[in-house]
2 protein chains.
Amino acid sequence: MVEISCVDKIHGKMNRLTKSERKIAQYVLANYEKVLNCNITELAENAKVSDASVVRFCKTMGYKGYQDFKVNAAMDVLPKDRHFNPSLDKNDDTETICKKIFSSEISAMNRTLSILEMDQMEKAAEALRNAGKIVFFGTGGSLLVGKDAQHKFMKIGFCAFVYEDVDMQMMAASLLEEGDVAFGISHSGSNCHVLNCIKAAAENGATTIGLVSQGKTPISKQADISLYAATEKTMFQSESVSTRIVQLAILDSLLSILAFKDYEASYEAIQETRKATSNNKY
Amino acid sequence: MVEISCVDKIHGKMNRLTKSERKIAQYVLANYEKVLNCNITELAENAKVSDASVVRFCKTMGYKGYQDFKVNAAMDVLPKDRHFNPSLDKNDDTETICKKIFSSEISAMNRTLSILEMDQMEKAAEALRNAGKIVFFGTGGSLLVGKDAQHKFMKIGFCAFVYEDVDMQMMAASLLEEGDVAFGISHSGSNCHVLNCIKAAAENGATTIGLVSQGKTPISKQADISLYAATEKTMFQSESVSTRIVQLAILDSLLSILAFKDYEASYEAIQETRKATSNNKY
DNA sequence: ACACAAACTGAAAAATATTTTCAAAAACAT
DNA sequence: ATGTTTTTGAAAATATTTTTCAGTTTGTGT
C-alpha cells in the first residue's frame, strides 16, 4: 500500500482545480500547520471561499470530508518537519545544527530498520550463538564499533575478541576454525585489511559476517552473511557522521536477539559483569 | 519548545486517570490508527463510555477538545510502530526485537534532543574550539565514546587525546593547564576515575566538560559545563543499550558546530585525513 | 458499618461544526 | 449574444461536539 502524502496530493491535482478550490489549496499549502487548528468555517474565511467549497475541495482530494482531510493532513506533519534539508548550512545556529544532526541520524536509523534483512539477522545470531570464538575486524571508526560490540558481548557472557593492530587481526583471522565467526565491519565495505581477514577466516572454514554501509561491496560479496546500514550524507557531503550510530544499533539488535535466546544465562552474566565494575562508582 | 507526543502524554498520565478515562486511554493505545477514523460517538461506544467522558479525556490530556486531540494524535502516526511497549519480551521474534531496539534508540535520541541545553552546547563548543589540548576521559563503554570522539575530532583537524589506562588518564589530567579542556564521559555520572581526572584538571585551571546520562551527578556537579543524554530502559530493565548511541549523537552535534565555526579549515582537514586512509580501500 | 463529601459518569440539552441543497453567478461553447 | 454547463455561496438540513446537571460511585472520617 503506497500512501500518497496529503501535500503531494494537493500539488498533484493543483492544475485540475477550480478557482475557489485552488484558493483553498494555496492557503493550505502556505499555512499547513495552522490549518490543523481551524474548523471548516475558519478555513473558508481565511481562504476567502464558502464552507461548501471547502467540503468540495476535501472530496476532490479524495477524502471523505473535512475531518478526514484534516486527520490525513496531520499525519504528514512530523515527516514534513523532519524532511527539511538535513545538510548543514553555514548560517545555522547551534540549535539548528543539533536538530539537523539528530534528525539525520534518526532518519538513518529508520531507513536502516526498513532495509534490515531479518533472515540475515537470524542467521547471524545463530552463528554467533554457536560460535567457538568470535572476532571482530575493522580499522579506524569501524574498529571502535568492533570494540563496542566486544564490550557488549562480554557483558552478556560471550567471549569476543578484537585487535587494534592489523597484523594481529590478520593473525587472529588465520587461527579461526570451523564453528568460529569472523565479523568484519567497514563503512565502505572495501577496507582491504578487513577483506583479507574475512577471506582468511573463510578459508579456514569459519563463518563470516559483513557489516557495511553501501550496497554490494567486496566484503559483502565475500561474507556468508551480510548486514547493511543506511546512511545520510550531511557534513560536507562527506562520509556520514551517522554511520557509527547505525552500525551500533544493528549490533545492539543482534545482541538483544542473542540475549533473549538464552535469557537466564544472559541475565546472570549482566549481573556478574556489572558487579565487576561497580566499585568504579563514586 | 518541547513537543510531547500524544502517545507519551497518554502513557505519562495513565495512572492519574479515572476509570472511564483509562478505558478510553487503553482503547486509544490499542486501536491507535482506527481512532483517527472515529467520531466522538464511535470512540465512546467502542471504549464503552459516554461521549462526555471522551471530551473530558481529551481535556485531561491537555487538548482543546476531541478534534484537537485527534489532529495531534494523527501527527504521531507516521513514525509508525513507535507506540508499542519497547520492553523486550521473551516471545518476541527477530523482527520485533529489532524494531523495539531501534525504536528505543530513536526515542532516546528524540528525548535527548529535547533536553539538550543549547547554551551548554555553545559553551562546550567554544571551549573546545579555543582549547590548547583536549583530553577525553572515560572507562568501559564510555572510553569507546571518547575514542570515537577523538577519531572524529582528528578528522576535522583537532588534536584530541584519549588514554586507555586509568593511570595514564590521571597523569594526562594532571598535566592539563588553563585553556585546555578535560572532557569526562560517564553513563552513571559517578565513575570515580573520570571524576578524579575532572577534579585534577579543574585544579590546574582547565575547563571541564561532563557528559552523563542521569540527572545531577558527582561529575556533572563538578564540571564547568554539563551535557545530559536521555536513555531508555530496555534489556533486562538494565543499563540502557541506547546510552552509547545518544552520547555519540551529542558528540556528533558538537563536532558539527565546531566544524561550521571554521568551515574552510575543517573541510580541508577532512579531505586530508580521508586521503591518509584511502589506500586502505580494496 | 455508616454518613457525608468529593469525584465521576452518562443522558440529554445546547452549542458548534459539517454537509447538502439549490438558486444565482460565472465561465464557456456555439 | 444566447443557451448550456460549471462553479459558487447562502441557507437549510444533518451530524458532531460540548456543556449541563442529576444520579451514581468512590473514598474518608467517625
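Predicted model: local features only at pLDDT ≥ 70, side-chain atom pairs only at ≥ 80, totals over all residues.

User: How are α2(B) and α4(B) oriented to each other?
Analyst: The axes of α2(B), residues 19–30, and α4(B), residues 40–47, come within 9 Å and cross at roughly 100 degrees. Angles of 65 to 115 degrees count as roughly perpendicular. The two helices α2(B) and α4(B) are therefore roughly perpendicular.

User: Which residues of α4(B) meet α2(B)?
Analyst: From the side of α2(B), the contact is made by Lys23(B), Ile24(B), Tyr27(B) and Val28(B). By class, the contact of these two helices has five nonpolar, one polar and one charged residues. The partners in α4(B) are Leu43(B), Asn46(B) and Ala47(B).

User: What is the handedness of the crossing where α6(A) passes α6(B)?
Analyst: Both helices cover residues 66–75 of their chains, and their axes come within 6 Å and cross at roughly 40 degrees. In α6(A), Gln67(A), Lys70(A), Val71(A), Ala74(A) and Met75(A) meet Gln67(B), Lys70(B), Val71(B), Ala74(B) and Met75(B) in α6(B), a contact with six nonpolar, two polar and two charged residues. The crossing of α6(A) with α6(B) is right-handed.

User: How many of the 15 residues of α10(A) are buried?
Analyst: Buried here means under 20% relative accessible area. Among the residues of α10(A) that fall in this class are Leu143(A), Leu144(A), Val145(A) and Phe153(A), and also Lys147(A), Asp148(A) and Lys152(A). The helix is mostly covered, and its buried residues number eleven.

Notes: Residues numbered from 1 in each chain as written. Chains lettered and ligands numbered in written order. Heavy atoms only, no water. Axes fitted to C-alpha atoms, helices over the stretch in contact; angles between N-to-C directions. Helix = DSSP H or I, 4+ residues; strand = E, 2+ residues; numbered from the N terminus. Parallel < 35°, antiparallel > 145°, perpendicular 65-115°, else oblique. Contact = heavy atoms within 4.5 Å. Nonpolar A, V, L, I, M, F, W, Y, C, P; charged D, E, K, R; others polar. Left-handed = near helix turned anticlockwise from the far one by under 90°. Buried < 20%, exposed > 50% of the residue type's maximum accessible area, 1.4 Å probe, protein only.
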